[in-house]
Each structure stands twice: as structure tokens, then as C-alpha cells.
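Dear colleague,

I am handing over the structure below. Please look it over before reading the notes that follow.

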Amino acid sequence: MTSAVSIEGLGKMYRLGQRRDVHGSLRDAWERLWSSKTPVPSGEFWALRDVSLEVAEGEVLGLIGRNGAGKSTLLKILSRITPPTVGVARIRGSVGSLLEVGAGFHPELTGRENVYMNGSILGMSRIQIRERFDEIVDFAGVEQFLDTPVKRYSSGMYVRLAFAVAAHLEPDVLIVDEVLAVGDAAFQKKCLSKMDDASRGGRTVLFVSHNMAAVQSLCSRAVLLERGGIVVDGSPSEVIHQYMGGQSALSGEHAWDLEGAPRSGLIALRAVRVRLGSGAVVGAVACSEAFGVELEFDILQSDPRIGMTIVLRNSEGVPVFTSLSSADPEWPLVSRPVGLYRSTCWVCGNLLAEETYSISVVFWSDNYQLSLSEQDVLSVSVEGPCRARGDYMGRFDGVVAPVLSWATSAHTIDDRCVSGEDTATQG
Ligand SMILES: Nc1ncnc2c1ncn2[C@@H]1O[C@H](COP(=O)(O)OP(=O)(O)OP(=O)(O)O)[C@@H](O)[C@H]1O
Ligand SMILES: [Mg+2]
């Protein structure tokens, strides 16, 4: 069988800038503790490593994997948006790609101009594009805005048009990244059925999605990426099964028996868990959901000031927050004799970005004397889409994603004159 896509030893390295030191307000001893343990940011980061893959003509390949696994990076290299650092990627025939908002379309050009520009990039004549034009516009539902520069489009309109172009211009290879994350249910259904048509028409499709149902129903084969490398390649159900199983490796719990427990003279740590309000122990939580970090420990010697701290770090090792039990004003007033305890720190919903976080735990005694420190004892995956995004699907920066309130009021020109005079007299 002929390969439509042929990838050999592909790798992509990004150079990272120096990271700022994020902590600063803790006591000296604490700072020493943290800084000595915080992973030192290295200058190089391999987003893809040693990827080799053959995709046969007419195959519909689903690419799945956690946030940051390298899926988009692979599609960007195939679409020639970014070059690989090592290795080669060959594609037979024309490529239509729908990546994130911003890729593929020129913001200053109108919808109509972008359709023609994309068509000619795909090697089509004006006549061929004209033949498909009405169908594209109809599919995208942007008729009224055809002569508006696409930079004025909403993200939903933009993606609808981009998808319509990518799918209707009938490239040999169709590359689609997460388009289903935006758009209403009806449009998602239309996209899926269009991709299905493309594959039935013999076209090769590469499809990245976090929607396992879509991957299952659409793809003939799937590949699981982890930390930039392929870990499973097989039938969609097999690969999805492995992926979901791997997710539960984030079991939501790290427990120790009495002998194996990390300990000091004062404390033995018996378990760290992530729990929902319902009591369920989970490895993954929705962005909007509050969750508790539960510490189970033996107090081996009474100490009225015994307390604990948790630190959540993101996948780059940046401490996202620190929380101390002594932030609770009641904390020092309760006596804690020898025995087994459980303390839970509740993390509110709509705070953290879509990421996998590692949890570190510190126990201290009177005057914040370090008793026990356990780094990265448990991971929790916070899964989107987070509400802070609204319906925007593009790149979304930030180590946190709080849902903040917005206020907008309309003002007449008169209002502005009045406030202008006020400023003048005050100044
Ligand atoms: N321009 C860049 N500079 C530095 N690092 C980058 C850049 N682009 C991507 N990365 C990093 O490369 C890794 C892979 O990113 P990529 O976007 O391919 O992941 P993904 O599998 O598409 O994730 P998601 O499911 O969140 O879309 C991530 O750790 C990301 O932070
Ligand atoms: Mg991606």
C-alpha cells in the first residue's frame, strides 16, 4: 500500500527562556528548601522525540494523548508551519490543514479572499475553487461576512470557515486539530460527517482530538503520544483503552504501609489523596470542580503547633500555589495528641488551568521547623475546557485560569465630556 504520510525519526526541540523565580514570601529556611528542590529549568525541551510513522493512503488516523504530549507539534510539522529539529516528514499530495485559530488564514484578507488563497495553495485553479465556493460558504454559514476581513470574525465563525475550506477543497491529506472543541453540537456533527465523507472519498485524514467518542467512530487507526513519543499504535478501541487505563495511573492516591511510610520523629505520612466533594478519590478533575488534597498521617509525638503545607506545581515545575494549614486561624488552638489524622485542603473550582499538577507535601513543627518533606507525591490532572476560555479555542496562556467577572457599560459622548472636564479641573 502507498504511504500518504511517511515520518522518520522526527524530533522537535524548543529552547526555553530563563524562568522567573516564582516564590518569595516564605521564610528563609523554606526558601532554601524549595529552591534546592525545584527542578532547574533546562534550556532545551523536546516536544517530539524520535517519532516514526507511516500512514497509508485513505487511512483515518486519530492522534490522542494528554495535554502537552506533542500532538499539535506533530501536525504543525506536517503542515510545514514549523520545521523539525531532526528527522524527516514526507507527504504525498496536497495538504489541507485546520490547526489552531490563526494558522492558515491571513487576518487582513476577507473570507472570500482567504478561500481563494487557500485553494491556490492547495494547487487548485480559480475555476475549481469557484465550483466549490458556494458549498464552502454554505457549510460555514458566513455568507453575510464574506467580504469582511477574517480578523473581525468571532472564533466560531473563523473556525467554521477554516474547516469548510480545509474539508471542501479536497486535499489529498486532511489534517485537523481539535476543531470540535469549538462550535455548537450541530456544527460538530457536520464536521464529523464531513471528515467521514473525506475518508470515504479515499482521502487520508489525521485527526487530533480529546473527544474519544469522535476518535472511536471516525478513525480506522489511532496513535497514543506521551511526552513527545509514540507509545501505542493500533485500533482505536485498543489505543483508547490503553490511554484511559494510563489516565487511571493517575489513581488519585498514594498510600504507604506503616513500615514504608515517609517519616520523621514527629510524623509518618500514610496517604495523599485527591477527593471530590462527593468523597470519590480521582486522578482527574474538571476545571470547574473543587477538589480536596487529603493528607493522612500519624502524629507520633504531640506538638501543638504541628502543621502542613502543600505545593502544587505545573508540568514545567512552576509552583502554582502554596497553602499552609496555619492559614486557618483555628489551627493552632486545637490540640493534636498522638494518633491517626486526616487533613484536607480544598482547592476551589475555576482556578487552575488545564494541566497536570504534582503535589508536594511538607510537615513542620513549632516555629515552622521542617519535620518532613515529600516532593511530587501525587499527580492530578485538571481537565478542560475551562470556563475562562469562553468559546475561544486558540492558544490560551497562563498558569491559572480563574473565571473573573466582566463589567461593561455604554456611555454617550456627553458622559465622556463631563468626565473629561472633571479631570481637567482636578488636574
Ligand atoms: N513554541 C513553543 N515553545 C516552547 N515550547 C512549546 C512551543 N510549542 C509547544 N511547546 C511545548 O511542547 C509540548 C507539546 O506541545 P503540543 O502543543 O504539541 O501538545 P499537544 O499534545 O497538542 O497538547 P494539547 O492536548 O494541550 O493541545 C508542550 O509541553 C508545549 O508546552
Ligand atoms: Mg494541541
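How do the residues of the shell around ligand 1 divide into nonpolar, polar and charged? There are four nonpolar, six polar and two charged (Ala, Val, Leu, Ile, Met, Phe, Trp, Tyr, Cys and Pro count as nonpolar, Asp, Glu, Lys and Arg as charged, and the others, Gly among them, as polar).

This is a predicted model: local features need pLDDT of at least 70, side-chain atom pairs count only at pLDDT 80 or more, and totals for chains, interfaces and linings use all residues. Residues are numbered from 1 along each chain as its sequence is written, chains are lettered from A and ligands numbered from 1 in the order in which they are written, and side-chain values use heavy atoms, without hydrogens and water.

The residues around ligand 1 (a heavy atom within 4 Å of it) include Tyr-14, Phe-45, Arg-66, Lys-71 and His-210. Thr-73 has a polar side-chain atom 2.5 Å from an oxygen atom of ligand 1, and a polar backbone atom of Gly-70 is 2.9 Å from an oxygen atom of ligand 1. Strand 2 (44-56) and helix 2 (71-78) are the elements that give two or more residues to this shell (DSSP runs, numbered from the N terminus: helices are H or I, at least four residues, and strands E, at least two). Helix 2 gives the most, with three residues.

By class, the lining of the largest cavity has eight nonpolar, one polar and one charged residues. Among them are Cys-287, Glu-289, Phe-291 and Gly-349 (on a 1 Å grid over the protein atoms alone, a cavity is a set of points where a 1.4 Å probe fits but cannot get out, and lining residues have an atom within 4 Å of a point).

Regards

How values were computed
On a 1 Å grid over the protein atoms alone, a cavity is a set of points where a 1.4 Å probe fits but cannot get out, and a pocket is an open set with protein on both sides within 12 Å along at least five of seven lines; lining residues have an atom within 4 Å of a point. A polar contact is a pair of N or O atoms within 3.5 Å; within protein, one must be able to donate a hydrogen and the other to accept it, and residues adjacent in sequence count only if both atoms are side-chain atoms.
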